[in-house]
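Hello,

Here is the structure I promised to hand over, with my notes below it. Please have a look at it first and then read on.

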Amino acid sequence: MSTIQITLPDGSAREVPTGTTAAQVAAQIGPRLAKDALVARADGELVDLSQPLTHNAKLAILTPKDPDAVQVFRHSAAHLLAAAVLELYPNVKLGIGPPIENGFFYEFVRDQPFTPEDLEKIEAKMHELAAKDLPNERKLIPKPEAVELYRKSNQQFKCELVEEKAVEPMVSFYTTGKFIDFCRGPHIPSTGRIKAFKLMNVAGAYWKGDEKNPQMQRIYGACFVEQKDLDDYLHKLEEAKRRDHRKLGTELDLFSIQDEAGPGLIFWHPKGALIRRQMEDWLRAELIRRGYDLVYTPHIMRLDLWKTSGHANFYRENMFGPIEVEKADYQLKPMNCPGHILIFKSHLRSYRELPVRLAELGTVYRYERSGVLHGLLRVRGFTQDDAHIFCMPDQIEKEIQDCVEFAWEVLRVFGFSEYVVELSGGDPAHPEVYAGTREDWKRAEDALTNTLNRMNVPFKYIPGEAAFYGPKIDVKLVDAIGRPWQLTTVQFDFNLPRRFNLEYVGEDGSRHQPLMVHRALWGSVERFFGVLIEHYAGAFPAWLAPVQVSVLPVSGKFEDYAKKVTQQLKDAGFRVHLDDRNEKLQAKIRDAQLEKIPYMLILGGKEAEAGTISVRHRSKGDLGPRPIDQFVSDLRQEIDSHAIQ
């Protein structure tokens, strides 16, 4: 009997008969591994546990601890969904069914829309099929036979996929009970492991993402290997609904989007505008402290400027159409960079002036499709906390480091302790979508990489995610319920200085081209505000809260004392609301809690007589009586230190 050598991840090797499966190797290693195994990796390629091994190979048995194995698990759940739908609704037409983050989806064409009741029936059928522990078996079918199989069953979309994507004479299919699907796999051995799933919703989708194609119904499901992980995920979803900034924005009267004005355009109400002012005041003071100069640039400029910058070519699909003014085309600005460049270029700079750091809270306009607009997080008009740094080559890494350290300070002050960092590079396979030479890109990526390494910042390199004009560092903060948000960007740009012929006079007396860094810390005021709402569930720390203190007299008899306390707090610079309604105290406390006001001051006979206040905190409850001066001092310290409770 012939044998092959299998090398395991720990470096050990064993000889096994040719044709041994990965499942059999797992059983030899130990019963625990055999029980947990979902899929295998042979010489770097994912394979079924049942696939015979025919040559020497490096083999890894993957369990739920491996993300690739979990994605295979979710792919098998998508097949289980399709099998259940076909049993209940035999006339549906099938599209595709891939795994996605936290679950899977499958696309169907059906004359009637799927209802919530349908999803319940489908989910029950999935559990029924899973309990039968149906094997997922791979079959190879000649391509003409595969095409005919789908023609006979009137599955035109699957037929189209086989004709387009099957390149080998033999086509890979997987069966799950009666269900058969064109799929290269791999899959977990059988359906018995698939227990922790829930069908979530139905959404419309065009076949192959093309709006000219037929519309399909995409059923989404959440799926995890263990029930506790599914329960945690569903709990997070419920918590996310509770924190939804669109819901809280209405309840707390912070902002709105008005149909009469158009989608994606934000109206800041007084309370939201007050929070925005606190945010911007802090940022402007910090910018000045860090050596930035504040500028303002027009919202509309000649289209020729955007041709020079390259936006008119590389970014056209995200720009509103030009506006004709006196037979010249003007453009609403999608970015602030050209305006800052013109300020830098307004006179010839000396090397002694560099670096020049120009910062602006600049409003820009981008054409986002209506389908992707989402509250404050995806809009058409927004204000970027934008800055552009013009510097010499020997200054670039320090400037990038200063930007990253600035980002850390933003996270700290606004209450975020976790983050992840990504370095987005170009795609060497598609240089035509980027400006600049390969040498430019290498120099830029090296500068960003060197800076992060010197700072000992762990990061993930992602090719193909850079902007057209240069690579970038992205900082994703993690909110109170563990969700990452893309906000901070530090971007290298060697393209615009060249396009605009920027120059400075060097120490040698000759002219040189500066390097340029784009930097946005919040991403945009709107997006960051939306994240703050969800992070705090609307209960902002005292320094940001639109109303910091609510004064609650127990009855009308103590209204004069309440007015005196209110004025004393206002004179101290606090944002105070006097609730002098003819309501019971409990109703006033309830309303202040619903408005998420940090502090409530209860004033009755004892307090009026002693000249004190009884303090209540929205989350800590009753804090007891204290002198007004002490409360003022404590609250002032809390606000000035930007304390996060």
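There are 43 salt bridges in this structure, a salt bridge being a side-chain nitrogen of Lys or Arg within 4 Å of a carboxyl oxygen of Asp or Glu. Before the details, please note that this is a predicted model: local features need pLDDT of at least 70, side-chain atom pairs count only at pLDDT 80 or more, and totals for chains, interfaces and linings use all residues. Residues are numbered from 1 along each chain as its sequence is written, and side-chain values use heavy atoms, with hydrogens and water left out.

**Salt bridges**

One of the salt bridges joins D68 and R41, whose closest N and O atoms are 2.6 Å apart. This pair ties together distant parts of the chain, as D68 sits in helix α3 (residues 67–88) and R41 in strand β3 (residues 39–42), 27 residues apart. A word on these names: helices (H or I, at least four residues) and strands (E, at least two) are DSSP runs, numbered from the N terminus. D68 is partly exposed, with a relative accessible area of 35%, and R41 is partly exposed at 22%. Here buried means under 20% relative accessible area, exposed over 50%, and partly exposed in between (1.4 Å probe, protein chains only).

E107 and R218 form another salt bridge, with 2.5 Å between the closest N and O atoms. They also link distant parts of the chain: E107 belongs to strand β8 (residues 103–109) and R218 to strand β13 (residues 215–224), 111 residues apart. E107 is buried, with a relative accessible area of 2%, and R218 is buried at 18%.

K247 and E251 meet in a salt bridge too, at 3.2 Å from N to O. These two residues are four apart in helix α8 (residues 245–251), so about one helical turn separates them. K247 is partly exposed, its relative accessible area being 37%. There is also a network, in which salt bridges that share partners join R276, E280, R284 and E526.

**Two crossing helices**

The axes of helix α9 (residues 270–289) and helix α16 (residues 525–536) come within 11 Å and cross at roughly 110 degrees. Axes are lines fitted to C-alpha atoms, for helices over the stretch in contact, and angles run from 0 to 180 degrees between N-to-C directions. That makes α9 roughly perpendicular to α16, a term for angles of 65 to 115 degrees (under 35 is roughly parallel, over 145 roughly antiparallel, the rest oblique). On the α9 side, G272, I275, R276, M279 and E280 make the contact, and on the α16 side V525, E526, F528, F529 and L532 do; contact means heavy atoms within 4.5 Å.

Strands count as paired if DSSP finds at least two bridges between them.

Strand β1 (residues 3–7) runs antiparallel to β2, joined by five bridges, and I6 has R14 of β2 as its bridge partner. R41 has A60 as its bridge partner in β5 and stands opposite L46 in β4. β3 and β4 form a hairpin with two residues between them, and D43 in the turn has a positive phi of about 50 degrees.

An automatic or database domain assignment divides the chain into domain 1 (3–63), domain 2 (68–240), domain 3 (255–297 + 336–536) and domain 4 (549–640). The C-alpha centres of domain 3 and domain 4 lie 42 Å apart.

In helix α18 (residues 585–594), the buried residues are L585, A587, K588, I589, D591 and A592. They pack against β30 (549–553), β32 (599–603) and β33 (612–617). Just after α18, K596 takes a positive phi of about 60 degrees.

Best wishes
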